[in-house]
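User: Could you walk me through this structure? I'd like to begin with the ligand and then move on to the rest of the chain.

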Amino acid sequence: MSKGNRVSLNILVYAVALASMPLVGFTNEPPTSLDAGIFSKDQAKAGKRLYKQHCKSCHEGSYFKPVLLAWRGEPLSTFFELMTSAMPENDPGSLKHDQYTDILAHILNISGYTRGEKPLNSTTFSAITIDKPASK
Ligand code: HEC
């Protein structure tokens with residue numbers, strides 16, 4: 001085998017290994033729990049501002065804790081899809097995907113879920129099961 005071939009084979013092996021890694025990071029397993037520190041403090045702060053503008057007129061913050069408990073056992077992706085397609089009720093689906101994601105971080109924050117270092121990543125939502133915060 002010539003040197004050039006070996007180099008391109010190495011690149012191929014590397015590309016295959018990279019493609020099979022989880023999307024969230026190179027070392028971490030993707031999260032499966034809502035309480036695994038899946039959102040960041042800064043993101044929740046950004047979400048709070050958006051929440052005030054788009055949701056607060058109809059929902060007090062305390063609305064969401066029991067709602068999330070009622071959703072226990074369901075994938076987070078299902079909840080997120082409902083939220084993005086049905087809310088705000090007076091203008092459904094009107095926000096950007098990232099804005100809904102930030103609002104979800106705020107909702108998790110005020111409902112007592114654990115904060116983490118990284119912001120929410122919606123590509124992981126289907127693997128995350130809604131559960132209750134361990135602290136409660
Ligand atoms: C104009 C009023 C209004 C606004 C604004 C609004 N909602 Fe709602 N929302 C409702 C009503 C009405 C319901 C259904 C009430 C119920 O079943 O308790 C609801 C239900 C929900 C539910 C529970 C769904 C379920 O079936 O468990 C979530 C989550 C939710 N809203 C999130 C949001 C978010 C996030 C925003 C802001 C982007 C928002 N809402 C803005 C009126 C509104």
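Analyst: The ligand is surrounded by 18 residues, the closest being Cys55, Cys58, His59, Trp71 and Met87, where a residue is near a molecule if one of its heavy atoms lies within 4 Å of it. This is a predicted model, in which local features need pLDDT of at least 70 and side-chain atom pairs count only at pLDDT 80 or more, while totals for chains, interfaces and linings use all residues. Residues are numbered from 1 along each chain as its sequence is written, and side-chain values use heavy atoms, with hydrogens and water left out.

User: Which protein atoms are the donors of the iron atom of the ligand?

Analyst: They are NE2 of His59 and SD of Met87, lying 2.0 to 2.2 Å from the iron atom; donors are N, O and S atoms within 2.8 Å of the metal (3.2 Å for Na, K and Ca), and since water is not among the atoms, sites may look incomplete. The two residues come from distant parts of the chain, 28 residues apart, with His59 in the loop between α2 (41–54) and α3 (64–70) and Met87 in the loop between α4 (76–86) and α5 (97–110). Helices (H or I, at least four residues) and strands (E, at least two) are DSSP runs, numbered from the N terminus.

User: And why is the arrangement of the six donor atoms called octahedral?

Analyst: Because the six donor atoms around the iron atom subtend angles of 85 to 178 degrees, and six donors count as octahedral if opposite donors are over 155 degrees apart and all others between 65 and 115.

User: Are His59 and Met87 buried or partly exposed?

Analyst: His59 is buried at a relative accessible area of 16%, whereas Met87 is partly exposed at 29%; buried means under 20% relative accessible area, exposed over 50%, and partly exposed in between (1.4 Å probe, protein chains only).

User: What about the peptide bond from Met87 to Pro88?

Analyst: That bond is cis, with omega near -10 degrees, and Pro88 lies in the loop between α4 and α5.

User: Which side chains have polar atoms at 2.9 Å from an oxygen atom of the ligand?

Analyst: Tyr63 has a side-chain N or O atom 2.9 Å from an oxygen atom of the ligand, and a polar side-chain atom of Trp71 also lies 2.9 Å from an oxygen atom of the ligand.

User: Switching topic, how many helices and strands does the chain have?

Analyst: The chain has five helices and two strands, which run α-β-α-α-α-α-β from the N terminus on. Of its 136 residues, 32% are buried. Among the contacts with a separation of 6 or more, 71% are between residues 24 or more positions apart, contact meaning heavy atoms within 4.5 Å.

User: What does Ser33 touch?

Analyst: Leaving out residues up to four places away in sequence, Ser33 touches Ile38, Ile128, Thr129 and Asp131, and its side chain makes a polar contact with that of Asp131 at 2.8 Å. A polar contact is a pair of N or O atoms within 3.5 Å; within protein, one must be able to donate a hydrogen and the other to accept it, and residues adjacent in sequence count only if both atoms are side-chain atoms. Ser33 is in the loop between α1 (3–19) and β1 (39–40) and counts as buried, with 18% relative accessibility.

User: And where is Asp35?

Analyst: Asp35 is in the loop between α1 and β1, is buried at a relative accessible area of 14%, and touches residues including Gly112, Tyr113 and Asp131.

Note on methods:
Tetrahedral: all angles 85-135°; square planar, octahedral: opposite > 155°, others 65-115°.
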